[in-house]
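The exercises below are meant to be worked through with the sequence and the coordinates side by side. Try each task before reading the solution that follows.

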Amino acid sequence: MTQIVSREIHLVSRPQGMPTAANFETVETQLEQVSDGRVLVRNLYMSVDPYMRGRMNDTKSYVPPFQLGQVMEGSAVGEVVESHAEGFKSGDIVSSTLGWREYFIAAPQALQPVNREIQPLSVYLGLLGATGLTAWAGLNLVDVKAGDVIFISGAAGAVGNVAGQLAKLRGCQVIGSAGSAEKIAFLTQECGFDRVFNYKDAPVLTQLQQAAPEGIDVYFDNVGGESLEAALAVLRNYGRIIACGGISGYNAEKPAPGPSNLFNMTTKRLTMKGLIVIDSLPQMAAFQQEVGGYFQAGRLKNQETVITGIERAVEAFLGLFSGINLGKMVVKLD
């Protein structure tokens, strides 16, 4: 094998509040020879996701924090360049959690083969990857069913738009919030949402009450903060909340006060369930069979914002917090 030099992104300091480019560094690493039982992979696409902000803090959580001076990790899709392991050959397409680098060498257990006939291959990072699984698992978590009125915050994001499309396939009325006219048009015209409002235009509570004058049955929370408080006010008795994310507070330097109307959980007899996608990984095959079928039949829209070049990976990540992405944010490697 010709000696390969791979660029990779390291975390070099822990952010205080909103991360900046100064918290990261691009490093060149010379790869070793591929030994027996190992596989060399060239990444084609990598994912940047809001949850990665939490891993930049040196605190205990459901996943270990990123280590300073070490390559970051995240979902990726790549092509096998050289294999010395059974079950993999040059040209195979695989997914892994070894993103934020151009090349890597790994044991076969770290790789999952994917079907290269399904295009674009980046779909395995979004609709048919962890974000799609999150949407699917979230709806299952509280038994979302036909006739439910569901409100989804951050609806034009990677998880939100898939959750809304899947809810429509289940026969729900779907309400969303997003931050631009472009995103609202995408959700209503392409994803089939019934009503979408711009959360920047007026208080979320006011707009949600107008969109759902008779209340909602389910809230899929990707945002937290004001959106959660509004949903608690508008949920009907016995409503359900899917606690998936809280991007509005990810860069806060100290926790914001909780919803002022949390006692509605009691008076309305609400149910709120937390969702971490790693709990649903054993269901990945069932998810990909169902949702992959919808996608191949043209019943689901796969929306991506693609940034090209590993040198722009940090830019893409930071863009998640200013809302530059429509759908899944993906970095295409050169």
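Predicted model: local features only at pLDDT ≥ 70, side-chain atom pairs only at ≥ 80, totals over all residues.

**Exercise 1. Find the buried residues of helix H5 and decide where they fall around its axis.**

Solution. Begin with the cut-off, since a residue counts as buried when its relative accessible area is under 20%. In H5, which spans residues 204-211, the buried residues are Val-204, Gln-207, Leu-208 and Ala-211. Viewed down the axis of H5, these buried residues fall within an arc of 100 degrees, so they line one face of the helix. The spacing can be understood from helix geometry: an α-helix has 3.6 residues a turn, so residues three or four places apart point the same way. As for what covers the buried residues of H5, the list includes strand E8 (149-152), strand E9 (173-178), strand E10 (195-198) and helix H6 (225-234).

**Exercise 2. Which residues touch the most other members of the largest nonpolar core?**

Solution. The largest nonpolar core has 47 residues, and Ile-150 and Leu-187 are those that touch the most other members. Among the elements that give two or more residues to this core are strand E3 (39-47), helix H2 (130-141), helix H3 (158-169), H4 and helix H8 (284-296). Apart from this core lies another, of 22 residues, including Met-52, Met-72, Val-314 and Met-329. Returning to Leu-187, and not counting residues up to four places away in sequence, its contacts include Ala-155, Ala-178, Phe-193 and Val-196.

**Exercise 3. For the salt bridges of Arg-42, Lys-301 and Asp-217, identify each partner and where the two residues lie.**

Solution. Take Arg-42 to begin with: Arg-42 forms a salt bridge with Glu-79, and the closest N and O atoms are 3.3 Å apart. Since Arg-42 lies in strand E3 and Glu-79 in strand E4 (residues 76-83), the pair ties together parts that are 37 residues apart in sequence. Arg-42 is partly exposed at 24% relative accessibility, and Glu-79 is partly exposed as well, at 22%.

Lys-301 meets Glu-190 in a salt bridge of 3.0 Å, N to O. This pair links distant parts of the chain, with Lys-301 in the loop between H8 and E14 and Glu-190 in helix H4, 111 residues apart.

For Asp-217, the partner is Arg-236, again with a distance of 3.0 Å from N to O. Asp-217 lies in strand E11 and Arg-236 in strand E12 (residues 235-243), so the pair ties together parts that are 19 residues apart in sequence. Asp-217 is buried, with a relative accessible area of 15%, whereas Arg-236 counts as partly exposed at 28%.

Notes:
Residues numbered from 1 in each chain as written. Heavy atoms only, no water. Buried < 20%, exposed > 50% of the residue type's maximum accessible area, 1.4 Å probe, protein only. Helix = DSSP H or I, 4+ residues; strand = E, 2+ residues; numbered from the N terminus. Arc of directions from axis to C-beta. Contact = heavy atoms within 4.5 Å. Core = buried A, V, L, I, M, F, W, Y, C linked by side-chain atoms within 4.5 Å. Salt bridge = Lys/Arg side-chain N within 4 Å of Asp/Glu carboxyl O.
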